[in-house]
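Subject: Structure handover

Hi,

Here is the structure we talked about. Please load it before reading on; my notes follow below.

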Amino acid sequence: MKAKKALSRFLRWETMLIVLLVVLWLVFDAKDASLQAARIAKGRRATDIFNFTNMLNGMGPYLLYSFMALGMSLILGMGDIDISVGAIAALSASVMGTVYGPFKKAMSPGLALALALLCCVMTGAACGFLNGFLVTRFRELFPMIITLGTQLFYRGFCYLLLGGDTLQYKDDAAWAGLKKLYSGSVSIGGLSVPTMLIWFLLLALMFFVFLHLTTGGRRLFAIGTNRVTARYSGIRVDSFELCMFVICGVTAALSSMFYVGSVSATVRADAMTGYEMYAIAVAVLGGFSTGGGKGNIVGVVLSVIIFGVMKKGLGTVFGLPDSTVNLAVGLVLIASSVLPNLLEDLSNWRRVRRQHAEAKLS
Amino acid sequence: MAAPILEMKHITKIFPGVKALDGVSFDLRAGEIHAIVGENGAGKSTFIKVLTGVHQPDGGEIILDGKPLVMANPNIAIQHGIAAIYQHAASYPDMSVAENIFIGHEFRTGPFISWVKARKEAQKLLDSIGANFSPNASVGALSVAQQQMVEIAKALSQNARILIMDEPTAALSKKESEELYSIARSLRDKGVAIILISHRFEDIFGLADRCTVFRDAHYIGTWDIDEVDESLLVHHMVGHVIEHYYPERTPHPGDEVLRVEKLSRTGYFRDVSFSLRAGEIVGLTGLVGAGRTEVVEALCGVTGFDSGKVIVEGREQKYKDPKDSMAGGIGLLPEDRQKQGLLLPWSISKNITLPIIDKCTRARLFMSGKAEKTISNKEKEQLAIKAPDVETAAGTLSGGNQQKVVIAKQLAASSRIIILDEPTKGVDIGSKAAIYELMAELAAQGVAILMISSEMPEVMNMSDRIYVMSEGHVTKEFTDVKNLTQQQILEAAMPQERTA
């Protein structure tokens, strides 16, 4: 019994992800070492490109969609999907950029930026609210179609605000502080850790507690498993679902703040196009399925790291162009979604075979 | 005695974790109606799926017309004239009757489908079974009984010699059932062999020539129908004699706890009034589609109502969500336990505590596994839910035990009014008796129970009072249940124009 429990723990999705991460790491590290050896053989100076410090400091680009992936996990856990988060992020950033100018004239730059950031979050929440309202009000429509519609709507709204221009506040110290949001780091035990990673881990911890330790998480997975039963069991499905969409919108707005920092504090209407797909991919690799009812935030955190390691490793160590990297990432994603089903088939097949053997004996 | 056209010898079928059939044998003669009976999980459905090529047996053989046959896929079964008509007819509701009948084996002229011929042939088939609707009608617009006729016509169009009817009368009224019986008899007289799967003794004794009993994946025996009676069949199905099927009880009705006055919802029900007292079991019966489920869903806040009053323990209520009615002390056991009552992949424990998760917490926020376990273990013991432990997934339980888990949810929520919608539907006989026992116990404790049921014996034996609904109205209230006949209830349940 104990051995069985240990085995089932080993077969848990998160364990698989750790194994995948270790394997990837070892492969990239070995390749990196062989590259260095080749350089030394040619009489050049060895440069260690793939190591922990480099990876840690290079996480930035891969953390931009990680906030969204947390929000997306809630949505996927309920069996819904939200493909408008990229557009929500763009709209939140656009609103933030647009209101900052007038605010700055009326008050101190610091206060203006704080208010602009607040507007950014409010915009994300409002967009999430609209998504949630439409999804819960029009049950006969797929969330995919509804959020496809709102995606186009939000993106269109960005162009309405900004046109085709790039919004920028040159020589504005407060606004330029956004850059620090993205690139800042703190030293922990001699290691410089990006602040963005710390923000992400803090948020992930909050999501973990909510999803796996509180009644809210239980309700969420109940809805994802069977919405009708959940309602008959005294869960206010519609309002709960609406709240989750709002939270998802807020995580998109958070992503957008860091994104603005990553592109030298500029705002464009076409920002963060396609980020929703990364968010979904990370959440799915993390163990959340579109079917709903299952998933673990630990898996999402691991999957964020795996995505980063893969992109970094394939891109810099193997020197593959970005398009090919995407191809590889896509393959891993497909394999990861097929694998659980294959494993279940295998275990069923083995059980039947065992029963056959028993039947023959008796 | 004619030689059997079909013999199934020592069929064994194994699924992961369970032996669904264990050396089951069966024979079928041309021109007979052969009933297969057994409790849920006895292996009837698997047996039919093996016969129709949906599942491959792991042992045993199928002999058709004296020759062994490997039923590798459903097409082989169809080619050999074996057709099944399922409870929920697998038809295409948006297509016409003729299209449904000939789908998959259409008449062709060159590359085109000849609909003219299809319609003509469909008409012939419909006439042959006495169906009086047009082959052009859209199947979705037909009644359940008529849809079944379409399925029968479809089977005949494929020259079926062996016809399998799976719970054919489950959704039919008495009159419709009679019509189906006469179609089945006329097919039998033409030499078609019919396998009848049914839970209803009226079907078995009214229609079948022979009867085979399965129990726990085993073959128990085959009898001519006049060799057995109801109690003997039950004995074979259950394996032991059930005494006190309906518990003895003396009702002590207390105060009125629920009163519904002139409740209406456009298109579903109109002017429905009834009342319920503490410690009382009240039956709400009628034909399928009479609006019973709709009324309780409206009063519990699942849907809502347009006009009328719901008075719970003296206060007028208009619940907007099941959460509100639960807070008001009303527990609703929904009609479909798998789709509405349970989270099948979840453990018994998590299912039972779902309505009261706020109580299973530390600091009102964090889930406490210990509290959950205590509560669910208590309920499991009280209701005698058969499972290794409370961590067992609800989906792996038998129908009866699943139903007990749903009831446990209402009890854990300490409901004072419990509404049971078809509490024993698809539940085996042993569990049925246990559920009746439990209802009696609850009523004795002062819980008010409203039971929706289509099963006449259950309604008549369990209820203190009976309301009958027909076409969205309460047509009759019976207070003297002891001296009631089934006929009286049926008359009240029949739609007006038919009895007139």
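A cavity here is a set of grid points where a 1.4 Å probe fits but cannot get out. Its volume is the space filled by probe spheres set on those points. Please keep in mind that this is a predicted model.

**Cavities**

The structure holds 3 cavities of 30 Å³ or more. The largest cavity has about 50 Å³ of space.

Which residues line the largest cavity? From chain A comes A:Tyr232. From chain B come B:Cys300, B:Pro322, B:Ser325, B:Met326, B:Ile330, B:Gly331, B:Leu332 and B:Gln410. Two elements of chain B each supply at least two residues of this lining: helix H10 (322-327) and strand S18 (330-333). By class, the lining has 6 nonpolar and 3 polar residues. It has no charged residues.

**The interface of chain A and chain B**

The size of an interface is often given as the accessible area lost when the parts come together. Chain A and chain B bury about 2,700 Å² between them. Of that area, 58% is on carbon and sulfur atoms. In chain A, the residues that lose the most area to chain B are A:Arg218, A:Arg231 and A:Tyr232. Together they make up 29% of what that side buries. A:Tyr232 is also one of the residues lining the largest cavity.

How many residues does each chain bring to the contact? Chain A brings 24 and chain B brings 38.

Now the polar side. Between the two chains, 14 residue pairs are in polar contact, with both residues at pLDDT 80 or more. On chain A, four helices each supply at least two residues of the side that touches chain B: H10 (195-213), H11 (215-225), H12 (227-232) and H16 (322-361). By class, that side of chain A has 9 nonpolar, 10 polar and 5 charged residues.

The rule finds 4 salt bridges across this interface. In one salt bridge, the side chain of A:Arg231 meets that of B:Asp321 at 3.6 Å, N to O. A:Arg231 is also among the residues of chain A that lose the most area to chain B.

**Salt bridges overall**

Over all chains, the search finds 26 salt bridges. One within chain A is worth a look. A:Asp238 pairs with A:Arg139, with the closest N and O atoms 2.7 Å apart. A:Asp238 lies in helix H13 (residues 237-262), and A:Arg139 in the loop between helix H7 (109-137) and helix H8 (143-162), so the pair ties together parts of chain A that are 99 residues apart in sequence.

Best wishes

Terms used. Residues are numbered from 1 along each chain as its sequence is written. Chains are lettered from A and ligands numbered from 1 in the order in which they are written. This is a predicted model: local features need pLDDT of at least 70, side-chain atom pairs count only at pLDDT 80 or more; totals for chains, interfaces and linings use all residues. Side-chain values use heavy atoms; hydrogens and water are left out. On a 1 Å grid over the protein atoms alone, a cavity is a set of points where a 1.4 Å probe fits but cannot get out, and a pocket is an open set with protein on both sides within 12 Å along at least five of seven lines; lining residues have an atom within 4 Å of a point. Ala, Val, Leu, Ile, Met, Phe, Trp, Tyr, Cys and Pro count as nonpolar, Asp, Glu, Lys and Arg as charged, and the others, Gly among them, as polar. Contact means heavy atoms within 4.5 Å. Buried area is the accessible area (1.4 Å probe) that two parts lose on being put together, summed over both. A polar contact is a pair of N or O atoms within 3.5 Å; within protein, one must be able to donate a hydrogen and the other to accept it, and residues adjacent in sequence count only if both atoms are side-chain atoms.
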